[in-house]
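We will go from stop to stop, selecting residues as we go.

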Amino acid sequence: MVPASALAARERRRVYNIMGDEKDMGDGNMGDGKEATKGTGKDGEKIVDCSVIIPWIFAMADPKEEWWKRMRKNPKRSGEISQAAFLLKARTRGFKVALPWGDSERYDFVVWAEEGGPMFRVQVKGTGRLYRRGYEVQPVHSTRGQGKKRYTKKDIDVLAAHVQPLDVWYLLPIEAIGRTKSLRFYPDIESRRPRWEKYREAWEVLEDRG
């Protein structure tokens, strides 16, 4: 059996070989190539401190990460990401969230603020698509044999639009949408017609029906 001290020395030499010349590593953090004895064990064997501190590490985030562009080829997965983002956002804001059984309902979540309070059926729509400088969402759903139809208050209570590139939310009561066929959001520029800006991050919409 190889003694623990020999294993420690061998491992230290391996780390030195990876990081550079051993003689250049004597900065105190690396122990100057010497073992740090912590005491002795039951059999009189030295207990050696085998820890190694790496004095630097290089890492860089990708500043051009644009996952929503990659997901355009798979709208279902893009929608799932926005649904997960909504769940996280709502829960961290203290809302209770439930998922309907199956996928036959028009809404993605049932949300309420407190026990005994009003409950809201929420449909999540994610977008990364720019159209005329605005991020576009269509408040419609697909039907069998009848094409696409607008959501009505029979289907949902709130439409949660997620601007994916900026992680910005718009919480729109279905009554406010009315017969609008296309919603356009301008979270990063000033618009002459900021129709929906009052619903930007308007999470209070999920607290009171009044």
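## Stop 1: a pocket

The second largest pocket holds about 190 Å³ of space. A pocket here is found on a 1 Å grid over the protein atoms alone: an open set of points where a 1.4 Å probe fits, with protein on both sides within 12 Å along at least five of seven lines. Grid points are joined across faces, edges and corners, and the volume is the space filled by probe spheres set on the points.

This is a predicted model: local features need pLDDT of at least 70, side-chain atom pairs count only at pLDDT 80 or more, and totals for chains, interfaces and linings use all residues. Residues are numbered from 1 along each chain as its sequence is written, and side-chain values use heavy atoms, with hydrogens and water left out.

Select Ser 182, Leu 183, Arg 184, Tyr 186, Arg 193, Arg 195 and Trp 196; they line this pocket, each with an atom within 4 Å of a grid point. Colour the lining by class: three residues are nonpolar, one is polar and three are charged. Ala, Val, Leu, Ile, Met, Phe, Trp, Tyr, Cys and Pro count as nonpolar, Asp, Glu, Lys and Arg as charged, and the others, Gly among them, as polar.

## Stop 2: the nonpolar cores

Which members of the largest nonpolar core touch the most other members? Select Leu 159, Tyr 170, Leu 172, Leu 183 and Phe 185, out of 19 residues. Strands β4, β7 (134–137), β10, β11 and β12, with helix α4 (174–177), each supply at least two residues of this core. Helices (H or I, at least four residues) and strands (E, at least two) are DSSP runs, numbered from the N terminus. A nonpolar core joins buried Ala, Val, Leu, Ile, Met, Phe, Trp, Tyr and Cys residues through side-chain atoms within 4.5 Å. Buried means under 20% relative accessible area, exposed over 50%, and partly exposed in between (1.4 Å probe, protein chains only).

Now pick out a second, separate core of 17 residues, including Phe 109, Val 111, Ala 160 and Ala 202.

## Stop 3: the aromatic pairs

Show the rings. The structure holds seven aromatic pairs. Rings of Phe, Tyr and Trp (its six-membered ring) pair if their centres lie within 6.5 Å; planes under 30 degrees apart count as stacked, over 60 as edge-to-face and the rest as tilted.

Select Phe 86 and Phe 109. Their ring centres are 5.2 Å apart and their planes are at 25°, so this pair is stacked. Phe 86 sits in helix α3 (residues 75–92) and Phe 109 in strand β4 (residues 109–112), so the pair ties together parts 23 residues apart in sequence. Both are buried.

Next, take Phe 95 and Trp 203. This pair is tilted, at 6.5 Å centre to centre with 40° between the planes. Phe 95 lies in the loop between α3 and β3 (96–98), and Trp 203 in the segment after β12 (183–185), 108 residues away. Phe 95 is buried at 3% relative accessibility, and Trp 203 at 1%.

## Stop 4: two positive phi angles

Most residues other than glycine have a negative phi. Select Asp 167, where phi is positive, near 55°. Asp 167 is in the loop between β10 (158–163) and β11 (168–173). Its relative accessible area is 46%, so Asp 167 is partly exposed.

Then go to Glu 201, with a positive phi near 50°. Glu 201 is in the segment after β12, partly exposed at 27% relative accessibility.
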